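I opened this notebook to keep a record of what I looked up, one topic at a time.

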Amino acid sequence: MPEIVAEDVPPELVELVRAHSHATITGDVATVLDDFRPDRRGQLIGSAKLPPNVATSELQSIGPDGDGLVSAITCYSTADGVDTYLRARWIKIDSRWFVNDVRNLPDTPPQMADTGPAEDGSDLPFWEALRNRELRLPQCDECGNWVWPCRPICPCCHSFGRTWSSVALTGTIFSWIRTWLPFAPAFTGHLPFVTLVVELPQAGDRRLLGVLLDADGVEPRIGQPVVGEIEAPEDPDGWPVLRWRLA
């Protein structure tokens with residue numbers, strides 16, 4: 001693939017990007033860290049993920065990305081031909097360029113190894129329903145109240161009877177947050193990502209947590225409609241997860 005360099009990108013930045021990529025594949029940690037924006041080094045260390053046997057790097061494109069940032073996409077290849085793409089956005093502070101943020105491409109949400117039912121099995125029907133490609137939440141048999149998070153007794157009428165009822169995979173954004181730091185090992189290579197709290201009008205406005213798909217550069221709005229998608233587990237013995245997408 002021919003290298004694409006925008007006309008207004010300084011030549012010294014292009015050379016710096018190439019040198020940074022070379023330092024990355026040769027394990028020159030000191031140079032890599034020195035290129036990171038000083039106030040974001042802790043964040044950037046775990047943001048992107050490369051195979052351990054990367055052998056070459058090739059700049060694919062570089063150009064302005066708004067707000068004074070310059071976006072550079074680099075392909076890192078292993079000896080056996082496996083390609084990994086990283087996008088690093090650079091920013092000029094005083095007279096020097098630094099890596100402002102970096103991520104793997106394409107944008108993919110993380111999957112946690114401990115995803116699944118609670119130890120007491122109280123929410124097992126929720127996870128079993130996801131395996132059947134549907135969303136189910138517990139509803140009180142006496143008063144019809146939606147009991148979520150799952151509890152053994154209805155907080156409204158104190159009844160113990162409940163039915164796991166089907167709920168449409170649609171809702172609205174109640175709140176959201178963008179995660180930049182690798183708080184867990186599974187986050188590395190998936191940063192940043194956006195987590196939503198979604199309100200379900202058809203289930204008494206009960207709320208569910210989930211990662212937003214295709215959230216790179218997106219600024220969600222409170223009240224914005226979303227639709228759910230059920231993602232298969234990476235491990236065949238694991239549990240599916242509920243993701244959200246802007247409607």
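The entries below follow the order in which I looked things up.

**Entry 1: ground rules.** I am working with a predicted model, in which local features need pLDDT of at least 70 and side-chain atom pairs count only at pLDDT 80 or more, while totals for chains, interfaces and linings use all residues. I also noted that residues are numbered from 1 along each chain as its sequence is written, and that side-chain values use heavy atoms, with hydrogens and water left out.

**Entry 2: the open sheet.** I took helices (H or I, at least four residues) and strands (E, at least two) as DSSP runs numbered from the N terminus, and I counted two strands as paired if DSSP finds at least two bridges between them. I found an open sheet of 5 strands in the order S1-S2-S3-S4-S5, with mixed pairing. Strand S1 (4-5) and S5 are at the edges with a single partner strand each, so one side of each has no neighbour in the sheet. Helix H1 packs on this sheet and touches S1, strand S2 (54-64), S3, S4 and S5, where contact means heavy atoms within 4.5 Å. The direction of H1 makes about 155° with that of S2; axes are lines fitted to C-alpha atoms, for helices over the stretch in contact, and angles run from 0 to 180 degrees between N-to-C directions. I then followed S4 and S5, which pair in the antiparallel sense over 9 bridges, and I saw that Arg87 stands opposite Arg103 in S5.

**Entry 3: the barrel.** Which strands form the closed barrel? I traced 5 strands with mixed pairing, running S8-S9-S10-S12-S11, and the twist averages 50° from one strand to the next. S8 and S9 pair in the antiparallel sense over 7 bridges, with Trp176 opposite Leu196 in S9. S10 and S12, in contrast, pair in the parallel sense over 2 bridges, and the bridge partner of Leu212 is Trp244 in S12.

**Entry 4: the largest pocket.** A pocket, on a 1 Å grid over the protein atoms alone, is an open set of points where a 1.4 Å probe fits, with protein on both sides within 12 Å along at least five of seven lines, and lining residues have an atom within 4 Å of a point. The largest pocket holds about 540 Å³ of space, the volume being the space filled by probe spheres set on the points, which are joined across faces, edges and corners. Its lining has 22 residues, and Thr115, Trp127, Leu209, Gly210 and Val241 lie nearest its centre. S10 gives the most to this lining, with 5 residues.

**Entry 5: the second largest pocket.** I noted a volume of about 460 Å³ here, and a lining of 23 residues, of which His20, Thr24, Val32, Phe36 and Leu50 lie nearest the centre. H1 gives the most to this lining, with 4 residues.

**Entry 6: aromatic pairs.** I found 5 aromatic pairs in the whole structure, where rings of Phe, Tyr and Trp (its six-membered ring) pair if their centres lie within 6.5 Å, and planes under 30 degrees apart count as stacked, over 60 as edge-to-face and the rest as tilted. The ring centres of Trp148 and Trp164 are 6.4 Å apart with planes at 80°, so this pair is edge-to-face. Trp148 is in the loop between strand S6 (135-140) and strand S7 (162-167), and Trp164 is in strand S7, 16 residues apart.
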